[in-house]
Amino acid sequence: MLIGELSRQTGVAHRLLRYYEEQGLLCPDRDTSGYRVYAPDTPYVVARIRGMLAAGLTTDAIREMLPCATGAGPGIEPCPEVLRTMAAHLERLDTDIEDLRRRRAALAEFREATEARQERVR
């Protein structure tokens, strides 16, 4: 299938599909005219890429994990690199969440102090 058909089937813009190719996430063949020709299962690959991006994975991590993403169903074959990558990203998310909690608490404290000052002015 050509890029236009893939775009229609997946709802992903041509430009983004070309970006996925630049990042090594999609590897279309080329026909004699130089047009990209995608395999029939590429819509499933694009759906996986979109799902992984939505989960916060980087294109580098996705590139490592895609060889383990087989078939049309959800999930990925539990290759060792996949599990390591997922664990590392989960740890990063946990760290980010804790940082956001600390920042929220600091902002809430600052807001309360500001509101208290406002009450004293009245």
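Apart from neighbours within four places in sequence, E77 is in contact with C68, T70 and V82, where contact means heavy atoms within 4.5 Å. The model is predicted, so local features need pLDDT of at least 70 and side-chain atom pairs count only at pLDDT 80 or more, whereas totals for chains, interfaces and linings use all residues. Residues are numbered from 1 along each chain as its sequence is written, and side-chain values use heavy atoms, with hydrogens and water left out.

E77 is placed in the loop between α4 and α5; helices (H or I, at least four residues) and strands (E, at least two) are DSSP runs, numbered from the N terminus. With a relative accessible area of 46%, E77 is partly exposed. The classes of accessibility are buried (under 20% relative accessible area), exposed (over 50%) and partly exposed (in between), computed with a 1.4 Å probe on protein chains only. E77 and E5 are 72 residues apart along the chain, and their C-alpha atoms are separated by 28 Å.

C68, one of the contacts of E77, is buried at 4% relative accessibility. C68 and C79 form a disulfide, with 2.0 Å between their sulfur atoms. The pair links distant parts of the chain, eleven residues apart: C68 is in the loop between α4 (59-65) and α5 (80-121), and C79 is in the loop between α4 and α5. The S-S torsion of C68 and C79 is about -120°, so the disulfide is left-handed. A disulfide is a covalent bond between the sulfur atoms of two cysteines; here the term is applied to a pair of cysteine sulfur atoms within 2.5 Å. By this rule the count is one disulfide. For C27, the closest cysteine sulfur is that of C68, at 15 Å, which is too far for a bond. C27 is exposed, at a relative accessible area of 68%.

C27 also belongs to the surroundings of the largest pocket, where L25, L26, C27, D41 and V45 lie nearest the centre among 20 lining residues. Rolling a probe the size of a water molecule over the atoms shows where empty space is left. The search used a 1 Å grid over the protein atoms alone: a cavity is a set of points where a 1.4 Å probe fits but cannot get out, a pocket is an open set with protein on both sides within 12 Å along at least five of seven lines, and lining residues have an atom within 4 Å of a point. The volume of the largest pocket is about 310 Å³, taken as the space filled by probe spheres set on the points, with grid points joined across faces, edges and corners. Twelve nonpolar, four polar and four charged residues make up the lining. In this classification Ala, Val, Leu, Ile, Met, Phe, Trp, Tyr, Cys and Pro count as nonpolar, Asp, Glu, Lys and Arg as charged, and the others, Gly among them, as polar. Helix α3 (residues 42-54) gives the most to the lining, with four residues.

T42 lies in helix α3 and is buried, its relative accessible area being 6%. Not counting residues up to four places away in sequence, T42 touches L6 and L26. L6 and L26 are also among the contacts of L17, which, with neighbours within four places left aside, are I3, L6, S7, V12, L26, Y38 and V46. L17 is found in helix α2 (residues 14-22) and counts as buried at 0% relative accessibility. The C-alpha atoms of L17 and L6 are 8.6 Å apart, for a spacing of eleven residues along the chain.

One aromatic pair is found in a search of the whole structure. The pair consists of Y19 and Y20 and is tilted, with 6.4 Å from centre to centre and 55° between the planes. Rings of Phe, Tyr and Trp (its six-membered ring) pair if their centres lie within 6.5 Å; planes under 30 degrees apart count as stacked, over 60 as edge-to-face and the rest as tilted. Y19 is partly exposed at 34% relative accessibility, whereas Y20 is buried at 0%.

Two residues of helix α5 were also examined. H89 is placed in helix α5 and is buried, with a relative accessible area of 14%. Beyond residues up to four places away in sequence, H89 touches G56, L57, T58 and A61. A113 lies in helix α5 and counts as partly exposed at 45% relative accessibility. The C-alpha atoms of A113 and L2, 111 residues apart along the chain, are separated by 60 Å.
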